[in-house]
Amino acid sequence: MPTVKILLHQEQPIHPQAVRALYTAMNWWPERTEEQIAQILTTHIAIGAWDKKRLIGFARIISDHCFHAYIEDVMIHPAYQRQSIGKRLISRLLEAIAHIETVTLFCEVDLIPFYEKLDFRA
């Protein structure tokens, strides 16, 4: 198993091209441009999972920075799934927003057990 670092965008900048490549690997959001991704990286809390210099995981938060936060775009590259990277990514993200009262997300039904292990509830 590779040594994966989990770092906020402020700790290690996340480049839009790397996020675009991850979206492609996941077959998500083909219409999102690098310019749009660059914009969300400057306006939202974002976190990456890194295998050396390769971005292999990503998530972001949309928030009012006080009361509510919404987790969006949680993805781990298919070659790295089932290695607890997603758990580490979400746990570190939740630490960064521990002061926020309500944190929500939407997910596919088959991912509910994963998020329940992280104290979310359906």
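Is S84 buried, partly exposed or exposed? S84 is partly exposed, because its relative accessible area is 48%; buried would mean under 20% relative accessible area and exposed over 50%, with partly exposed in between (1.4 Å probe, protein chains only). Before going further, a word on the model: it is predicted, so to speak of local features takes pLDDT of at least 70, side-chain atom pairs count only at pLDDT 80 or more, and totals for chains, interfaces and linings use all residues. Residues are numbered from 1 along each chain as its sequence is written, and side-chain values use heavy atoms, with hydrogens and water left out.

Back to S84, then. You'll find S84 in the loop between β4 and α3; helices (H or I, at least four residues) and strands (E, at least two) are DSSP runs, numbered from the N terminus. The C-alpha atom of S84 is separated by 12 Å from that of K5, though the two are 79 residues apart along the chain.

Step along to I85 and you reach the largest nonpolar core. That core has 24 residues, and I71, I85 and L93 are the ones that touch the most other members. Its supply comes from β1 (4–8), β2 (45–51), β3 (54–63), β4 and α3, each with at least two residues. A nonpolar core here is a set of buried Ala, Val, Leu, Ile, Met, Phe, Trp, Tyr and Cys residues joined through side-chain atoms within 4.5 Å. Leaving aside neighbours within four places in sequence, I85 is in contact (heavy atoms within 4.5 Å) with V4, I6, A49, I56, I76 and Y80. Another core, of 14 residues, lies apart from the largest one and has V19, M26, L55 and F58 among its members.

Now for the empty space. Rolling a probe the size of a water molecule over the atoms shows where such space is left. The largest pocket holds about 970 Å³. Of its 30 lining residues, V74, M75, L111, F114 and Y115 are the closest to the centre. A pocket, on a 1 Å grid over the protein atoms alone with a 1.4 Å probe, is an open set of points with protein on both sides within 12 Å along at least five of seven lines, and lining residues have an atom within 4 Å of a point. Grid points are joined across faces, edges and corners, and the volume is the space filled by probe spheres set on the points. β4 (68–76), α3 (85–96) and α4 (112–116) each give at least two residues to this lining, with β4 providing the largest share, seven residues.

The second largest pocket comes in at about 350 Å³. It is lined by 14 residues, and V103, L105, F120, R121 and A122 lie nearest its centre. Here β5 (102–105) and α4 each supply at least two lining residues.

W29, in the loop between α1 (16–26) and α2 (34–43), has a positive phi of about 45° although it is not a glycine. W29 is partly exposed, at 34% relative accessible area. K52, in the loop between β2 and β3, also has a positive phi, near 55°, and is not a glycine either. K52 counts as exposed because its relative accessible area is 73%.

Last, the cysteines. The structure holds zero disulfides, a disulfide being a pair of cysteine sulfur atoms within 2.5 Å. C66 is partly exposed at 36% relative accessible area, and C107 is partly exposed at 31%.
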